Amino acid sequence: MKAKYLIIGAGISGLAMANQLGCDYRIVEKEREPGGYCRTIREGDYVWDYAGHFFHFKTEKYRKLFLDNVDPADVIVQEKRTKILYRGALIDYPFQANIHQLEKQEFIDCLYDLFQREQKSEYENFQDMLYGKFGRSITEKFLRPYNEKLYACDLRTLDQNAMGRFFPYADIPQIVANMKREQDRSYNSTFLYPRNGAGSFINILYRALEPDSVLLDCAVASVDPERRLATFSSGETCEYEYLINTAPLNHFLKMFRDPELSALEGRLSYNKVLVLNLGFAKKSEYREHWIYVPETDANYYRIGFYDNILGTDKLSMYIEIGFPRDAEIDVERQLELTLENLKRHGVIDETNPLQAWNAIVMDPAYVHINTETERELRQRKAELRAHGIYTIGRYGGWTYCSMEDCMLEAEALAKQLK
Ligand SMILES: Cc1cc2nc3c(=O)[nH]c(=O)nc-3n(C[C@H](O)[C@H](O)[C@H](O)COP(=O)(O)OP(=O)(O)OC[C@H]3O[C@@H](n4cnc5c(N)ncnc54)[C@H](O)[C@@H]3O)c2cc1C
């Protein structure tokens, strides 16, 4: 088999890449269906994604693409309603901008420490940045426990900019201004969502392609960069001019059978996230779209309510639980803990039984960005580019980005290669 552009993976990055190239491409996808992490599952009355996948467009172009292609009857536009569940109370997100909603002594502690913080021009790591920018109380009451649950790692191993533009920074004037007048400065104050789940948008990208150009249920097993040849797990081979990888970098590096790249793979750090999608008979009292849970006693770090987004009448939830990369996950035990915690948090009670559920492990889910591996990755990516190999997307590029970012990156690369 031959292809000018061989694309590994039919997630949003691979599909966007093929759409942008228009011809001479072939996509190889190891699963039986396209979509990667942007797939949607239907179970009875419930529509679930791989954890909530909402569209927070920053460009008019991609917002328009969404609106032009999703049936208007299925377009849901929401002003985000999110809270933090903190010591039994709901306070607005982000925590650092809403400390005035805390009980008086806690507020005083946060404010005092904020003014006493020791700022630096350069921070050693993510944790150092949290203490330096927000002071001890804000960090220890929310930022540290929440992010430790999410990333499932020691925050000192992460770069100060590990979350890039997704981190809701707030300086003292903003925090004080917010006490009088609420100002939501986060990157995603409104979002769009297709009624049939994120996967329905992916299907639009997929259906625009030539069916014969997408090989499903076919994994790339190895790559020979010198011969520009990829071998599939079936044994079939494909000669290419350009190889565009969107599969997770930790898997991709192993395809070269090169000891140095395999060693680099061993140094990559990331977490995995167990997503439990849960369907109950009745709605809960909560009206939020999602809630952040910093308390260390609860297994989950975030819970979301599809029913509040879609306006449906049965409680439909996603639960996100972070784990280190090598952890064994006991799904049944996590389900049990989740149901206990949901009862404790007043989301469900004995009169609202679980009707349906499923579990997905996102592995990798959040890559851990640190300076040392970043430097090495930049160098390796440049070496691969010299062989016509590009590795893009959230996991192929080994970064923290949104679905729209993936489409923008694919568009830029397609323009460059064409
Ligand atoms: C918990 C969580 C919540 C998120 N929520 C949002 C959100 O609300 N909004 C948002 O914009 N983004 C969100 N994201 C980010 C979003 O999921 C990613 O940006 C996006 O899905 C990445 O798409 P991709 O195509 O780059 O990678 P993927 O979706 O991982 O696609 C890669 C594809 O490669 C395939 N593949 C792997 N190995 C091989 C192989 N050997 N051969 C062939 N194919 C292979 C895989 O099967 C997969 O289909 C979230 C991420 C997480 C972890």
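Student: Which domains each give at least three residues to the shell around the ligand?
Tutor: You're looking at a predicted model, where local features need pLDDT of at least 70 and side-chain atom pairs count only at pLDDT 80 or more, while totals for chains, interfaces and linings use all residues. Residue numbers start from 1 along each chain, as its sequence is written. The domain bounds come from an automatic or database domain assignment. At least three shell residues come from each of domain 1 (2-38 + 197-268 + 369-417) and domain 2 (54-58 + 76-93 + 186-194 + 271-366).

Student: Which residues come nearest to the ligand?
Tutor: A residue is near a molecule if its C-beta atom, placed from the backbone, lies within 6 Å of it. There are 35 residues around the ligand, and those that come nearest are G9, G11, G36, G393 and S402.

Student: Which element gives the largest share of that shell?
Tutor: Helices (H or I, at least four residues) and strands (E, at least two) are DSSP runs, numbered from the N terminus. The elements giving two or more residues to the shell are α1 (12-21), α12 (393-396) and α13 (403-417). With four residues, the largest share belongs to α12.

Student: α1 showed up in the shell, so which of its residues are buried?
Tutor: Buried means 20 or more other C-beta atoms within 10 Å of a residue's own, exposed means 12 or fewer, and partly exposed is in between, with C-beta atoms placed from the backbone. α1 is mostly covered, as eight of its 10 residues are buried. They pack against β1 (2-8), β2 (25-28), α6 (198-207), β12 (237-245), α12 and α13. The buried ones are I12, S13, G14, L15, A16, M17, A18 and L21.

Student: Which residues touch the most other members in the largest nonpolar core?
Tutor: A nonpolar core is a set of buried Ala, Val, Leu, Ile, Met, Phe, Trp, Tyr and Cys residues joined through C-beta atoms within 7 Å. The largest one here has 116 residues, and those touching the most other members are I7, I244 and I319.

Student: Which helix gives the most to this core?
Tutor: In soluble globular proteins, nonpolar side chains tend to be buried together. The top contributor here, giving 11 residues, spans 126-151 and is helix α4.

Student: Which residues does Y146 touch?
Tutor: Y146 lies in helix α4, and it counts as buried because it has 20 C-beta neighbours inside 10 Å. The C-alpha atoms of Y146 and P294 are separated by 4.3 Å, although the two are 148 residues apart along the chain. Contact means C-beta atoms, placed from the backbone, within 7 Å. Not counting residues up to four places away in sequence, Y146 touches Y292, P294 and Y301.

Student: What is omega for the peptide bond from D363 to P364?
Tutor: P364 lies in the loop between β17 (354-362) and α11 (371-385). The peptide bond from D363 to P364 is cis, with omega near 5°.

Student: Which element gives the largest share of the side of domain 2 that touches domain 3?
Tutor: Between these domains, 16 residues of domain 2 are in contact with 15 residues of domain 3. On the domain 2 side, β6, β7 and β16 (316-324) give two or more residues. The largest share, three residues, comes from β16.

Definitions and conventions. Two residues are in contact if their C-beta atoms, placed from the backbone, lie within 7 Å.
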